[in-house]
Each structure stands twice: as structure tokens, then as C-alpha cells.
Amino acid sequence: QPHEAEELRRKIRTTLGATAQKLAAVVPGVKPFLPEEMQENVELGESSDFQSFAKLFSDFTRCLSTEDQSIVFMFDDLQWADEKSLDLIDQFFSHNNSQRFHLVVSHRLGATTESGRHMAFIDKFRKLKRRFSEIDLGPLDRESVRATACNMLSTTQQLSGDFVDFMAIR
């Protein structure tokens with residue numbers, strides 16, 4: 001919808017300001033929503049900028065959410081995530097502890113990297129009992145994917161077939 005795109009542009013401009021260029025360097029889909037003067041590529045700094053980028057990403061999600069709409073983050077095969085990715089996700093959720101979001105993580109039990117860091121990450125979220133639930137799933141068909149997504153989103157509304165198809169192939 002044109003008015004939704006304009007609203008997103010406004011939120012990005014007011015919430016992120018000039019820092020939106022850093023986000024666009026990692027999330028190219030943001031570029032069309034930036035003012036023209038901010039659409040030039042920008043290089044990300046060294047690891048000293050990590051904390052500020054995590055906060056920037058957190059602020060960006062505030063641009064996407066509304067009071068009546070949750071945000072769903074999906075991370076597939078978390079056991080293969082590198083340290084920086086896990087740090088970013090962890091920092092992001094530290095900045096967003098009051099926002100409505102759903103974190104959907106898939107990982108293979110028994111398949112771990114040398115550090116096993118992803119299990120420590122999952123254990124941390126297990127402690128958030130009111131905001132964490134774990135489902136052990138076997139192979140899924142399209143209908144069970146739809147039902148699980150509706151349950152997680154607390155909705156009885158019909159989900160987009162494209163969304164269900166996307167989730168089912170994951």
C-alpha cells in the first residue's frame with residue numbers, strides 16, 4: 001500500500017535519521033525507503049561499532065511494528081550461526097525486551113558447532129518462561145505449518161498462501 005510505504009519512510013527518517021545508511025548496508029531492502037540523499041553506500045565500521053549497530057537494528061524494528069502487529073523473526077539452522085550473528089541477535093533482544101516480537105528458531109538437536117554457543121543462546125531464552133516456548137517438531141506438512149504459525153501469531157485470520165508456502169519449504 002502506498003500509504004504504508006510512506007509511513008515506513010517517515011518512521012525510518014524520524015527514528016533512525018542518518019544512521020539508516022548503516023542499516024541499509026546490511027539490509028539492502030531498506031534503501032528504497034531512505035531519502036534520496038541517504039541512498040549512497042556506506043561502509044560499516046569495525047567491531048567497536050557493534051553495540052551501536054545492534055541498537056540501530058533494534059530501533060529499525062520499531063519502525064516495522066505497530067501496537068496491534070507483532071514482528072516475527074525466523075532463524076533457520078541456528079547451530080550454524082557464527083559468533084557475531086548470535087551476538088547481534090542477543091544484543092537486539094536485549095534492546096527490545098518490551099516490544100512485541102516472536103523469535104522462531106530452528107536448530108538440529110545433536111548438531112553443534114565446536115563452540116556450542118547456539119545452545120547457550122537457546123538456554124538463555126528458555127529462562128524467559130513467559131516469552132519462550134519450545135516445540136519439538138518432526139517433518140511438517142503445509143497444514144501443520146499454517147496451524148503452527150496461526151498459533152504463534154495468536155490469530156484466527158487466514159494466513160497468506162505465499163507466507164505458508166515460504167514457511168513450509170523452510
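**Exercise 1.** Find which residues of helix 1 are buried, and where they lie around the axis.

*Solution.* Helices here are DSSP runs of H or I, at least four residues, numbered from the N terminus. Now look down the axis of helix 1. The buried residues fall within an arc of 100° (directions from the helix axis to the C-beta atoms), so they line one face. The face turned away carries Pro 2, His 3 and Thr 14, which are exposed (over 50%). The buried residues pack against helix 2 (20-26) and helix 3.

The model is predicted; local features need pLDDT of at least 70, side-chain atom pairs need 80 or more, and totals for chains, interfaces and linings use all residues. Residues are numbered from 1 along each chain as its sequence is written, and side-chain values use heavy atoms, without hydrogens or water.

**Exercise 2.** Check the span of helix 3 (residues 50-64).

*Solution.* Take 1.5 Å times one less than the number of residues. For the 15 residues of helix 3, this should give 21 Å. The end C-alpha atoms are 21 Å apart, which agrees.

**Exercise 3.** Identify the residues that touch the most other members of the largest nonpolar core.

*Solution.* A nonpolar core joins buried Ala, Val, Leu, Ile, Met, Phe, Trp, Tyr and Cys residues through side-chain atoms within 4.5 Å. The largest has 24 residues; Ile 12, Leu 16 and Leu 23 touch the most other members. Helix 3 gives the largest share, 5 residues. Leaving aside neighbours within four places in sequence, Leu 23 is in contact (heavy atoms within 4.5 Å) with Leu 16, Val 30, Phe 53, Leu 56, Phe 57 and Phe 60.

Definitions and conventions. Helix = DSSP H or I, 4+ residues; strand = E, 2+ residues; numbered from the N terminus. Buried < 20%, exposed > 50% of the residue type's maximum accessible area, 1.4 Å probe, protein only.
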